[in-house]
Amino acid sequence: MNDNLPKASSPPRTALELPANDPGYFYDPMVTAGTHGEIRLSPRVEAHCRCGGAPPYQVFESPHSEPTWCVCRSYRTHIRQVNRLISQSGIPERFRYHFLDQFQESHKGTEIPGAARLKEHLRPLIYRCTEAKRNHKAIDTNSPARGFLLWGEPGNGKTMFCCGALNELIFHSGQAGRFIGLSRKFFQTLRHTFDQDSPIHGQAIPIMETLSTVPFLVIDDLGVQRDTEWEVEMLYNLVDARYAEQRLTFVTTNKSIDEIKGLAGGRIYSRFLEMCHLIHVQAPDYREYSKIEYEI
Ligand SMILES: Nc1ncnc2c1ncn2[C@@H]1O[C@H](COP(=O)(O)OP(=O)(O)OP(=O)(O)O)[C@@H](O)[C@H]1O
Ligand SMILES: [Mg+2]
Ligand SMILES: [Zn+2]
């Protein structure tokens, strides 16, 4: 153990006054390596950092003085935490570190219907979750924060938007979020937990516990599950647990609201009514823009 480490309560070397719109870090979309940019210290914090950026972020005023925490420490700690949470979130690679800025409101001068309004709806929610966290308070349970249930045709940005919301919420609040895609391996993974030879044998309860309690959850592609009694029951249990604890949940689906009503005898839909804003996304299929067609 390093006895030279400052006590956790040691004040930073100098209190750093940051402008209201500067949390001390920002996302730099410039890609230096890999597929996305990186979260960096804001220039003001960077300018005052004296520790060289190496953990445990401490500074010695003189060779014989006690160390103190560098001003950058809480910001660097937040950045590390956010990077860890994003890598554990299950957000698909293509949408990792995708923030609201990347969700376009128009394409080649033509407005994308509803895109700007979706973003407007989300901003107060991000602010609310961030402030609650900053003030060490739970979100006011008399008026629980509502997520979004986005339904509509394929390709109009539902998954991208929810991933953007999840990245933003994790980035600003430093709290955990998870993404599960019902079209992909979700139920398959759960089923494997009952397989004696599986490395995740016996993990169903901890997996469901994590998904039930994580502060932010995206359930992508509701409605593509096979609707076996077991799958619907698992889904109902998850939604009900999150409903009971008023946890923020985002849902995407290609099904219509009438079709969702049919799930689990209406018990899932009924909970969504209180948990989410139900939003019909009517933008056109964005994938059409990337179409390459040949006639040969
Ligand atoms: N507003 C937008 N700005 C930028 N890219 C967008 C936007 N909307 C959609 N896209 C792009 O279009 C593609 C399809 O988006 P996405 O996967 O979010 O659609 P979806 O509504 O979830 O489709 P599906 O219902 O088939 O799952 C993605 O490559 C996404 O990046
Ligand atoms: Mg999708
Ligand atoms: Zn420093």
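Which loop holds Ala264? Ala264 sits in the loop between helix H8 (257-261) and helix H9 (267-275). Helices (H or I, at least four residues) and strands (E, at least two) are DSSP runs, numbered from the N terminus.

This is a predicted model, in which local features need pLDDT of at least 70, side-chain atom pairs count only at pLDDT 80 or more, and totals for chains, interfaces and linings use all residues. Residues are numbered from 1 along each chain as its sequence is written, while chains are lettered from A and ligands numbered from 1 in the order in which they are written.

**Confidence.** pLDDT is the predictor's confidence in each residue, from 0 to 100. Its mean over the protein chain is 89, and 91% of the residues reach 70 or more. Residues 8-14 fall below 50; beyond near neighbours in sequence, this stretch has 12 contacts in the model. Two residues are in contact if their C-beta atoms, placed from the backbone, lie within 7 Å.

**Domains.** The chain splits into domain 1 (25-81) and domain 2 (92-286). These bounds come from an automatic or database domain assignment. The domain centres, taken over C-alpha atoms, are 32 Å apart.

**Ligand 1 and H4.** The shell around ligand 1 has 15 residues, of which Pro154, Gly157, Thr159, Met160 and Tyr286 come nearest. A residue is near if its C-beta atom, placed from the backbone, lies within 6 Å of the molecule. Helix H4 (residues 158-173) supplies the largest share of this shell, 3 residues. H4 has 16 residues and spans 22 Å from first C-alpha to last, close to the 22 Å expected at 1.5 Å a residue. The expected span is 1.5 Å times one less than the number of residues. Of the 16 residues in H4, 14 are buried. Just after H4, Gly174 has a positive phi of about 70°.

**Backbone exceptions.** Most residues other than glycine have a negative phi, and most peptide bonds are trans.

| Residue | Phi | C-beta neighbours within 10 Å |
|---|---|---|
| Lys108 | near 45° | 6 |
| Ala264 | near 50° | 20 |

A residue is buried if 20 or more other C-beta atoms lie within 10 Å of its own, exposed if 12 or fewer, and partly exposed in between, with C-beta atoms placed from the backbone. Lys108 is therefore exposed, and Ala264 counts as buried. The peptide bond from Pro55 to Pro56 is cis, with omega near 5°.
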